[in-house]
Amino acid sequence: MICIPVTAQTQAEALRQVEKILSFADVVELRMDLIRDGNLNSLVTRCKSSPVPLKILVTNRMRGFSPDGTSEPPDRQNGPGRDPFCSPFVMRDSEPASGEQQRIAVLKEAVILGADYIDVELDTPEYLRRELVSLIEETGKRTTLIVSHHDYQRTPSVEALKKVFHRCVQAGAGIVKIVTFAVRPEDNLRILNLIAYARGRSQEIIAFCMGDQGRISRVMAPFLGSYLNFASLTRGAESAPGQFTVSEMKSIMKLASGTCFGESQLPVSSRTKMFALFGNPVTQSLSPLMHNATLAAMNVDGRYMAFCIHDLVSAISGIRGMGISGVSVTIPFKTAVMAHLDEIDADALEIRAVNTIVNENGRLKGYNTDWMGLVQSLEDEMDIKGKRFAIIGAGGTARAAIFGILKAGGIPVIVSRNIERGQGLAQEWGCSFHPLSDIEKVRADCLVNTTPVGMIPNVDESPVNGSVLSNYRWVMDAIYNPLKTKLLRDAQKEGCAVLPGLDMFIHQGAEQIKLWTGLEPPRPFMKSVVEEYLIHGN
């Protein structure tokens with residue numbers, strides 16, 4: 001569910017915000033600590049009069065908390081700061097008891113008025129929390145108690161987060177809320193791991209990271225089963241760093257799922273399988289678009305998300321901790337990831353690169369489907385056996401191409417700007433080698449580009465001069481974005497048959513889904529999804 005906080009400073013402003021929020025939110029959060037002259041009764045009454053079913057969350061933070069429920073002082077919203085217990089913005093032990101009692105009195109009023117949820121901090125004095133729990137029981141348990149903990153400096157270890165989780169449960173939480181600050185992308189995996197941990201214990205939880213590095217957790221948390229996701233009403237009204245607007249959040253949810261849900265319902269269950277992409281960078285990848293649309297078309301209850309990774313070891317730990325069923329691995333981790341897996345398929349071992357991980361009950365096995373995608377794309381157009389293939393490049397994709405072509409009976413010829421790496425590759429695989437500067441001397445049936453030269457945004461670049469392409473009957477480019485690279489455009493001018501990288505991308509992705517699900521995916525559908533985006537969505 002999406003929760004939009006009311007962060008106005010006056011009662012009049014708050015009522016105007018409520019009017020705007022009614023048609024967008026599943027839950028409205030009334031931040032009574034921010035509304036200076038707030039009248040809770042009138043605000044609750046207005047929310048309850050909404051023609052659209054709307055749940056009400058009432059929060060009355062200690063001084064120094066930000067509108068999103070984090071303990072971040074207003075002047076520190078762009079990064080981690082000092083310990084809030086030492087901050088002049090927060091008065092906890094030194095705050096007069098009467099002040100704490102008055103603060104909790106607002107939450108008691110919320111319970112009496114029939115609010116659906118109240119949020120109280122874990123470090124609230126225990127006797128005051130007990131009073132709230134007792135009042136909730138006396139009023140028929142209409143209100144659910146959210147016990148929250150916030151760390152705006154960092155994201156602690158998974159073990160430390162679990163300890164906080166259990167403290168919240170012991171404090172009487174109907175729903176546990178834990179919000180941390182993401183210093184690096186891997187912090188998202190820690191907080192998301194906590195969601196899986198809570199759901200395994202049948203405990204409702206709200207958990208995500210704030211900050212720009214934490215945005216992926218805001219996207220993925222609902223798919224893993226986080227109870228609420230916070231979003232601002234409009235851009236510029238963000239209540240914490242990294243927060244999306246409600247329209248952005250709903251658009252992201254639809255794109256990430258590959259389907260169009262109802263206005264705000266996310267079809268997630270404890271059976272939902274999670275899949276992920278690990279790489280750096282990943283923003284340009286169309287794998288989430290392709291895989292989510294395909295899983296939906298196959299009626300597989302699964303979600304696929306992209307993670308920009310800096311710490312590979314933490315990411316691999318996250319696969320097991322979060323129960324991720326399968327992972328796509330892209331640059332620069334295809335080789336490095338092999339040292340962290342329990343088992344590696346024989347083909348991937350020979351290629352020395354893994355682009356697919358299957359999680360078999362915590363045991364991680366690595367595969368390589370790149371070579372399958374390339375070979376199937378070539379075989380759609382020709383009989384590989386006996387033909388010569390000039391392969392430009394000496395990286396992981398080149399290795400997959402060499403392996404696949406040899407396996408299919410073809411003859412690879414390595415062409416590389418990096419002479420040392422190219423010669424090493426040629427010696428390893430028993431192939432001939434030519435420096436890229438001598439490309440005009442190479443004779444082959446098909447030219448295969450495995451380098452990123454010509455990829456968006458450098459669409460006017462090509463790895464070779466167009467004049468040499470007349471030496472080939474076919475020209476293939478592993479790049480799929482743009483659909484037709486400069487290399488392929490030049491090849492067409494020289495009368496060559498061209499093979500865009502889209503088919504290779506589709507086939508390798510289809511092989512990944514087969515490994516993850518045991519099912520054959522609809523490849524024409526997969527191609528249509530990506531092709532439509534490349535033509536109309538860029």
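This is a short chat about a few parts of a predicted model.

Me: Before we dig in, what kind of model is this, and which pLDDT do local features need?
Reply: It's predicted: local features need pLDDT of at least 70, side-chain atom pairs count only at pLDDT 80 or more, and totals for chains, interfaces and linings use all residues. Residues are numbered from 1 along each chain as its sequence is written, and side-chain values use heavy atoms, with hydrogens and water left out.

Me: Switching topic: how many residues of helix H7 are buried?
Reply: 8 of the 10 in H7 (residues 215-224), so the helix is largely enclosed by the rest of the structure. Among them are Val219, Met220 and Phe223.

Me: What comes just after H7?
Reply: Gly225, which takes a positive phi of about 110°.

Me: Now strand E19, which way do its side chains point?
Reply: Trp474 and Met476 go one way, Val475 and Asp477 the other, and all are buried. In a regular strand the side chains alternate between the two faces of the sheet.

Me: Which strands does E19 pair with?
Reply: E18 (residues 446-449), parallel over 4 bridges, and E20 (residues 497-499), parallel over 3 bridges. Two strands pair if DSSP finds at least two bridges between them.

Terms used:
Buried < 20%, exposed > 50% of the residue type's maximum accessible area, 1.4 Å probe, protein only. Helix = DSSP H or I, 4+ residues; strand = E, 2+ residues; numbered from the N terminus.
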